[in-house]
Amino acid sequence: MSNTPMAANPLTRAVLEIDEYASGLGWDQPARLFALVDTARLRTQEPALAAQLGLADEQETSGLTPIEQEEIPSNQPLDEFLATIAWPDAVAGCALTVERLMLPPSAEAQVPEGLNEAKLAQWVAGHPERQEVRMTVAVLRGGGRDAAVRLREKDAATEVLTGSALVPGLADALAATFED
């Protein structure tokens, strides 16, 4: 992705590349799952796939290549779907991009008690301070984590927040896909 900012960390670069890809698709998209593979290993072990992905002539010798997986079933809760995933050894990490509504911390005190998940989602959707966000979260088999969060109202590459602790619950769920 030519517009992806150069980051020092290969995982951050992969997260930003996926964020840019998702941004190009527009908003109101389904969740998307990606395998992260070592780019050098991919070139060596799968040269035809590397060429198909445009990696054969790249100069960089390290990094991670995101490979989008099959569509996530829309009729299954995301946490249940993630619990069914097991990655082969060739996969160094995985990433997920998903859109959600979020509230600022100041709204937590306003949440009515006793709401089930559906009613809570309905309450959040109607809240005047809600923000639509796209979260891209990635984890490595060895424990590395990174995330990018993009607000719909500030939909620009220069406004994307990054950090390893931005979406810890989703990172934990992705990390669990590498546990035996």
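## A friendly tour of a predicted protein model

Asp79 is exposed, with a relative accessible area of 57%; here exposed means over 50%, buried means under 20%, and partly exposed lies in between (1.4 Å probe, protein chains only). This is a predicted model, in which local features need pLDDT of at least 70, side-chain atom pairs count only at pLDDT 80 or more, and totals for chains, interfaces and linings use all residues. Residues are numbered from 1 along each chain as its sequence is written, and side-chain values use heavy atoms, with hydrogens and water left out. Let's walk through the structure topic by topic.

**Overall build**

- The protein has six helices and six strands; helices (H or I, at least four residues) and strands (E, at least two) are DSSP runs, numbered from the N terminus.
- Starting at the N terminus, the order of these elements is α-β-α-α-β-α-β-α-β-β-β-α.
- The protein is as compact as a globular protein of its length, because its radius of gyration of 17 Å is close to the 16 Å that the globule rule gives for 180 residues.
- That radius is taken over C-alpha atoms, and the globule rule is 2.2 Å times the number of residues to the power 0.38.
- Along the principal axes, the C-alpha atoms fill a box of roughly 55 × 40 × 25 Å.

**Surface and contacts**

- Of the 180 residues in the protein, 36% are buried.
- The protein exposes about 10,500 Å², and carbon and sulfur atoms supply 50% of that area; accessible areas come from the Shrake-Rupley method with a 1.4 Å probe, and for residues only the protein chains shown count as cover.
- Among contacts with a separation of 6 or more, 65% join residues 24 or more positions apart; a contact means heavy atoms within 4.5 Å.

- Leu11 lies in helix 1 and counts as buried, at 4% relative accessibility.
- Not counting residues up to four places away in sequence, Leu11 touches Leu36, Leu64, Ala138, Leu140, Gly144, Arg145 and Asp146.
- Gly93 belongs to strand 3 and is buried, with a relative accessible area of 0%.
- Leaving aside neighbours within four places in sequence, Gly93 is in contact with Phe34, Ala35, Leu36, Val139, Leu140, Arg141 and Phe178.
- Gly93 and Arg141 are 48 residues apart along the chain, and their C-alpha atoms are separated by 5.2 Å.

**Residues with more exposure**

- Asp79, the residue we started with, lies in helix 4 (residues 78–82).
- Asp28 sits in the loop between helix 1 (10–25) and strand 1 (32–38), and at 57% relative accessibility it counts as exposed.
- Most residues other than glycine have a negative phi.
- Asp28 has a positive phi of about 65 degrees, although it is not a glycine.
- Gly143 is found in the loop between strand 4 (131–140) and strand 5 (145–151), and it counts as partly exposed at 49% relative accessibility.
- Gly143 and Thr162 are 19 residues apart along the chain, with 17 Å between their C-alpha atoms.

**The cavity**

- The structure holds one cavity of 30 Å³ or more.
- On a 1 Å grid over the protein atoms alone, a cavity is a set of points where a 1.4 Å probe fits but cannot get out, while a pocket is an open set with protein on both sides within 12 Å along at least five of seven lines; lining residues have an atom within 4 Å of a point.
- The largest cavity contains about 60 Å³ of space; a volume is the space filled by probe spheres set on the grid points, which are joined across faces, edges and corners.
- Its lining includes Ala22, Pro30, Thr97, Glu99 and Arg134.
- Strand 3 (residues 93–102) gives the largest share of this lining, three residues.

**The second largest pocket**

- This pocket holds about 440 Å³ of space.
- It is lined by 14 residues, of which Arg100, Leu101, Met102, Ala121 and Val124 are the closest to its centre.
- Helix 5 provides the largest share of the lining, five residues.
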